[in-house]
Amino acid sequence: MATRAYIPLLAGAPTGRAAQRLTAVADLPAATLHRLLEYHPKDSTFLHTEDYPLVTSLLVIDETSMVDLFLFDAVLRALPLTARLTHVYRRRAESQITVSAHKIRDGQMPHLTDNPQSDCRFLEEADPERVTARVVDLGALGVDPRTDIQVLAPLNIGPLGTQALNCALQQRLNPDGQRVHLLPAHEFRVGDRVVVTENNYRLNVFNGDTGTLVRAVPDKHIAVVRTGRDEVAFVGKELASLTLGYATSVHRAQGGEFPVVVLVLHDLHAPLLQRTLLYTALTRAKRLCVLVGTHSAMTQAIQMSVPYTATRD
């Protein structure tokens, strides 16, 4: 009878949401890398170093494109050298999403096409109003824009930031939803797609999780959101962690995957145009990625190879 060898495993990711996703898909109890290394914020040090390494034979790290050099250096110091996995299982090897992602990772310009048969398309638009119009017209993609499409942008503010895109998408996709005033600066409507902006361990929801606002009791400061797992009730101060989720930042989308991604990439996003951000955005898509914006923004993103730093959990 064959015997089984016990191999101690650890799993981690740069953010709480990515760690939660890794736990779900790999059936491994994952944590943030800072938590695995036992980060001490008072003196900005890690407990686990080359002098006190992690006890593991294998460490699985998801979303490594979002790990900055300082954190990855700390991980390597706490581990022996390991093998590198390069095979992509999320989609076919010949997928243009995969081919384009590999080119971007290597600092090369991918083949850009507006061919409706391609699973990775680029729609050239320089005028910001036209960009918004193209993004809002999501029904042309032939899928349900409320459930199957996630719009991504590098920035939250500005005419092509997530805030402006959310307002336009809300008006197109949920114009008749019952208006509820949960927060002074936001107008929510029942039926809106929302995104969580902070980890909430009481509700078991994390930064970047998306859901649908199904009902609300504004005078009692309660909002019920249906996520992919359950219905959860945000109460009182917890409401501040909710915002519209039709469009979200690339940073907040890390750790997630969506059937269709629409990425807005424009010169107005210049402060955050980086290769790892573009790579991360593109690879969130499982079936289709549509990029809307300018070639010059794409070129700048590919040429900027400065690591895109993920915030700590």
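The questions and answers below go through the fold, surface and charges of a predicted model.

Q: How many helices and strands are there in the protein?
A: The model is predicted. Its secondary structure includes both kinds of element, and the count is 9 helices and 17 strands.

Q: What is the radius of gyration of the protein, and what does the globule rule give for 313 residues?
A: For 313 residues the globule rule gives 20 Å. The value for the protein is close to that, so it is as compact as a globular protein of that length. The C-alpha atoms fill a box of roughly 60 × 50 × 50 Å along the principal axes. The radius of gyration itself is 20 Å.

Q: What share of the residues of the protein count as buried?
A: A residue counts as buried when its relative accessible area is under 20%. Of the 313 residues, the share that counts as buried is 48%.

Q: What share of the accessible surface belongs to carbon and sulfur atoms?
A: The accessible surface of the protein comes to about 16200 Å². The part of this surface that belongs to carbon and sulfur atoms is 54%.

Q: What share of the contacts with a separation of 6 or more is between residues 24 or more positions apart?
A: The contacts considered here have a separation of 6 or more. Among them, residues 24 or more positions apart account for 67%.

Q: How far apart do the centres of the positive and negative side chains lie?
A: The protein has 32 positive side chains and 32 negative ones. The centres of these two sets are separated by 3 Å.

Q: Which residue forms a salt bridge with Glu187?
A: Glu187 is partly exposed at 30% relative accessibility. The closest N and O atoms of the pair are 3.5 Å apart. The partner is also partly exposed, with a relative accessible area of 44%; it is Arg179.

Conventions: Residues are numbered from 1 along each chain as its sequence is written. This is a predicted model: local features need pLDDT of at least 70, side-chain atom pairs count only at pLDDT 80 or more; totals for chains, interfaces and linings use all residues. Side-chain values use heavy atoms; hydrogens and water are left out. Helices (H or I, at least four residues) and strands (E, at least two) are DSSP runs, numbered from the N terminus. The radius of gyration is taken over C-alpha atoms; the globule rule is 2.2 Å times the number of residues to the power 0.38. Buried means under 20% relative accessible area, exposed over 50%, partly exposed in between (1.4 Å probe, protein chains only). Contact means heavy atoms within 4.5 Å. Accessible areas come from the Shrake-Rupley method with a 1.4 Å probe; for residues, only the protein chains shown count as cover. Lys and Arg count as positive and Asp and Glu as negative; His and the chain ends are not counted. The place of a charge is taken as NZ of Lys, CZ of Arg, CG of Asp or CD of Glu. A salt bridge is a side-chain nitrogen of Lys or Arg within 4 Å of a carboxyl oxygen of Asp or Glu.
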